[in-house]
Amino acid sequence: MQSVRFNEHPMVARISVLSGAMHLRHSAISGLLVALICSLMAFSANASVWYYLASAPESELPKMASDQERWESFLFSYDGPESGADHLYLEKTWHGVHWLLAQDAEANASPASQVILGGQSIGPDIGFGDVARFHSADEVKKISALLSALDPVELRKRYDPVAMASAGIDPNDWAAWDGDDREGTIKMLLTAFEDVRRFYQSAAAEGKAVVFAWN
């Protein structure tokens with residue numbers, strides 16, 4: 001399974017573009033622009049990138065990906081026109097689940113790190129130069145078996161809000177969440193993990209591929 005590094009993520013690219021604009025100076029207009037950019041960067045740092053998964057027969061993916069409107073409807077709509085397609089939406093928990101699986105912000109050598117951030121690119125640009133990624137039907141079966149073997153009790157021990165914040169795990173406010181409700185935050189992540197596990201188990205049982213994208 002091909003991996004994708006988190007520093008290639010569209011949110012990182014967006015912040016990098018904004019950071020480049022900080023070189024503006026020597027005029028009142030550029031000063032205002034810098035202030036605006038700083039505000040946008042602060043907003044981006046606190047915003048969470050959303051993560052979507054959809055499953056479908058692997059043979060149908062190229063045809064769907066060739067039609068931009070149909071492809072985005074398939075990726076981002078629960079009630080889109082693609083009959084038989086199953087969907088899962090993780091919102092703020094996707095990177096936290098990745099941390100529990102990989103103990104890293106990016107994909108690494110461990111097979112578990114490929115679940116959320118691995119796969120192969122597919123389809124057209126879906127915004128900010130990003131494209132969807134997918135796991136083949138064979139890879140989905142392997143991921144399903146891997147996830148089925150994981151013990152949530154052991155995953156619970158990997159929860160570390162300080163290390164997660166230091167690693168830049170999106171949305172990067174784990175320490176605040178932990179202080180407000182540690183058990184609630186852990187339960188939220190483990191529930192999301194169980195959702196991902198069931199999703200891959202279902203897709204594997206039906207012989208489907210899994211496509212995922214950020215938005």
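Strand E5 (209-214) is mostly covered in this predicted model, with 6 of its 6 residues buried. Buried here means under 20% relative accessible area, exposed means over 50%, and partly exposed lies in between, with a 1.4 Å probe and protein chains only. Ala209, Val211 and Ala213 point one way from E5, while Val210, Phe212 and Trp214 point the other way, and all are buried. Strands (E, at least two residues) and helices (H or I, at least four) are DSSP runs, numbered from the N terminus.

Residues are numbered from 1 along each chain as its sequence is written, and side-chain values use heavy atoms, with hydrogens and water left out. Because the model is predicted, local features need pLDDT of at least 70 and side-chain atom pairs count only at pLDDT 80 or more, whereas totals for chains, interfaces and linings use all residues.

E5 belongs to an open sheet of 5 strands, in the order E2-E1-E5-E4-E3, with antiparallel pairing. Strand E2 (86-89) and strand E3 (120-122) stand at the edges with a single partner strand each, so one side of each is left without a neighbour in the sheet. From one strand to the next, the twist averages 30°. Axes are lines fitted to C-alpha atoms, for helices over the stretch in contact, and angles run from 0 to 180 degrees between N-to-C directions. Two strands are taken to pair if DSSP finds at least two bridges between them.

On one side of E5, the partner is E1, and the two pair in the antiparallel sense over 6 bridges. Within this pairing, serine 55 stands opposite valine 210 in E5, and alanine 56 has alanine 209 in E5 as its bridge partner. E4 is joined to E5 by 3 bridges, and these two strands also run antiparallel. Here phenylalanine 134 is found opposite valine 211 in E5.

Strand E1 (residues 51-56) is in turn joined to E2 by 4 bridges, again with an antiparallel course. Leucine 53 stands opposite leucine 88 in E2. Helix H4 (residues 68-76) packs on the sheet and touches E1, E2, E3, strand E4 (132-135) and E5; the direction of H4 makes about 95° with that of E5. Contact means heavy atoms within 4.5 Å.

The structure holds 10 aromatic pairs. The rings of tyrosine 52 and tyrosine 89 form a stacked pair, because their centres are 4.9 Å apart and their planes stand at 25°. This pair links distant parts of the chain, since tyrosine 52 lies in strand E1 and tyrosine 89 in strand E2, 37 residues apart. Rings of Phe, Tyr and Trp (its six-membered ring) pair if their centres lie within 6.5 Å; planes under 30 degrees apart count as stacked, over 60 as edge-to-face and the rest as tilted. Tyrosine 52 counts as buried at 11% relative accessibility, whereas tyrosine 89 counts as partly exposed at 26%. Trp50, Tyr52, Phe76 and Tyr89 form one aromatic cluster.

Leucine 100 is buried, with a relative accessible area of 2%. Leaving aside neighbours within four places in sequence, leucine 100 is in contact with Leu155, Arg158, Tyr159, Leu189 and Leu190. The C-alpha atoms of leucine 100 and arginine 156 are separated by 7.7 Å, although these residues are 56 apart along the chain.

Taken as a whole, the chain has 10 helices and 5 strands. Of its 215 residues, 44% count as buried. Among contacts between residues at least 6 apart in sequence, 70% join residues at least 24 apart.

The mean pLDDT (the predictor's confidence in each residue, from 0 to 100) is 80, and 73% of residues reach 70 or more. The pLDDT is below 50 over residues 4-8, a stretch with 13 contacts in the model beyond near neighbours in sequence. Residues 10-47 also stay under 50, and for them the model has 26 contacts beyond four places in sequence. Where pLDDT is low, the predicted coordinates should not be read in detail.
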